[in-house]
Amino acid sequence: MKNNNKNTGNTVYLDHAATTFTDPVVLETMLPYFTENFGNPSSPYNIAHISREALDKARQQVADAINADTEEIYFTSGGTESDNWAIKGVAFANRKRGNHIITSAIEHHAVLHTCQWLEKQGFEVTYLPVDKYGQVRTEDVKRAIRGDTILISVMLANNEIGTIQPIPEIGRIARKKGIYFHTDAVQGIGQIPVDVEALNVDLLSLSSHKFYGPKGVGALYIKKGSRIDNHSHGGAQEKKKRAGTENVPGIVGMGAAIEQAISQLEEHAAHMKKLRTRLLEGLLQIPATHLAGHPEKRLPNNVNVIFEYIEGESILLMLNSFSIAASTGSACTSASLEPSHVLIACGFPHEIAHGSLRLTLGKENTEDDVDYVLQIIEPIIKRLRAMSPMTPEELRK
Amino acid sequence: MMYSEKVMEHFMNPHNVGEMEDADGVGEVGNPQCGDIMRIYLKIEDNVIADAKFMTFGCGAAIASSSMATELIKGKTLEQAWKVTNKAVAEALEGLPPVKMHCSVLAEEGIHKAINDYREKQGLKPLEEKPDAE
């Protein structure tokens, strides 16, 4: 039983939180902007107008997808750039008001490392803890706010464990205090509804390749009237806030992808939930296996489980030998030798956090894929446990 | 993470896996917090390693290093086995990524610990951790 998907070939691809393939319809939309419609949108002649119109259309598509105005959408190179711009831009532009920032301990490194860098520039950062499901408590947000707090940044949904944060509530708290509120919505968009008004956010980051758009393009929503430093200096692109010739084909692709993702949102979420339930039920039948993240308030496509007594990279390598692509929060896939900061923040001990497996579903996945994974994984877990000195006797048989 | 074919071969089909109930020397190294524990078992006959086995909790490189290390020391005298370095284990595996070299170090340390466990059981003084250069 093997996948034979036209996009992923023989691989059962279950790492959509890392990236997705560019949808063929999206690609078709992009192609003319590499060739015949290649004009620089800032130029004055007809061929450039075509590019300019394409940018306008994509900006409208992104704005519509998140209930924003086109004036509030700024194209970037992706989620990391959007996060960096939002946090550094607000921090430096509002330094006279204060130098305290609040974020959570489980943010993406694009946020955490930016905050750590700001600490070196003299800013103070509070890293909020999370509960065992990876959720920020609004009480902790309230307690962390000081007179000099200028920005709160909490992600919409976590990239590793899929937990969805109480963003509207945090946004209400921030707004009441006149504090800027940024959310990294990179994993959430295309999986759950994202409405900047309902979320009460001032800034919101997006990345195209997480919802079947091309890599290297993203957007930052900046609420009108926000005080934020320019991203870069040069030309007058992006309303003079982010200089540099726009990535027109990428932006066109992002626009097409986000429009498609939003129009298919309900159907997609239902499909993901069905597969996720089947996958999770099967995985949790394996003894000494734990769910990471919130049981209900989680992205519909996210499964994150931890197998005790074994190590995540070994699981990945064995899955790969059966053409299954997945991810782990184990240290062994990184240079740090520290397991996932997210799993540790949720309270998993180091030795258990090493055995994590993240499976993130996508629209091309089928029930057959899920059944194939379940069929393959149990013998892998047994095999690795059989050679682990940590495995209790009863699990070795 | 790109591994050599040899690493993958030893990871997918590790040699000498399992517990040894009547082991003459056992050495356990590593730390579950760091994601690696290696336990090496030795069967000694006339100062020669007649058999070696391992149990490992760890990544692909840790399992492959354990497998290769046990292969390298089988049939060797204890003195010869003591001199099997982590570099020799890594070379026999056709290289390890720099970030994974610690796995070969664990294998070397595991062998040393198992040899010293045997020596102590024989009433002998444990050998110094750093082997003399040949």
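How many cavities of 30 Å³ or more does the structure hold?

Reply: Some ground rules to start: this is a predicted model, where local features need pLDDT of at least 70 and side-chain atom pairs count only at pLDDT 80 or more, while totals for chains, interfaces and linings use all residues. Residues are numbered from 1 along each chain as its sequence is written, chains are lettered from A and ligands numbered from 1 in the order in which they are written, and side-chain values use heavy atoms, with hydrogens and water left out.

The structure holds three cavities of 30 Å³ or more. A cavity here is a set of points, on a 1 Å grid over the protein atoms alone, where a 1.4 Å probe fits but cannot get out; lining residues have an atom within 4 Å of a point. Volume is the space filled by probe spheres set on the points, which are joined across faces, edges and corners.

The largest cavity takes up about 140 Å³. Its lining has 14 residues, with A:F211, A:Y212, A:A261, A:H268 and A:K363 nearest the centre. By type, that lining splits into five nonpolar, seven polar and two charged residues (Ala, Val, Leu, Ile, Met, Phe, Trp, Tyr, Cys and Pro count as nonpolar, Asp, Glu, Lys and Arg as charged, and the others, Gly among them, as polar). Helix α8 (residues 248–263) of chain A gives the largest share, three residues. Domain 1 (12–17 + 265–396) and domain 2 (24–263) of chain A each supply at least three lining residues; the bounds come from an automatic or database domain assignment.

The second largest cavity comes in at about 40 Å³. Lining this one are A:H16, A:A17, A:V186, A:Q187, A:I189, A:Q191, A:K210 and A:N301. Because both domain 1 and domain 2 of chain A give residues to its lining, the second largest cavity lies between them.

Now the rings: a search of the whole structure finds four aromatic pairs over all chains (ring centres of Phe, Tyr and Trp, its six-membered ring, within 6.5 Å; planes under 30 degrees apart are stacked, over 60 edge-to-face, the rest tilted). One involves A:Y212: its ring and that of A:F21 have centres 5.2 Å apart and planes at 65°, so the pair is edge-to-face. Both A:F21 and A:Y212 are buried (under 20% relative accessible area, with exposed over 50% and partly exposed in between, 1.4 Å probe, protein chains only).

Definitions and conventions. 1 Å grid on protein atoms, 1.4 Å probe; cavity = no way out; pocket = protein on both sides within 12 Å on 5 of 7 lines; lining within 4 Å. Helix = DSSP H or I, 4+ residues; strand = E, 2+ residues; numbered from the N terminus.
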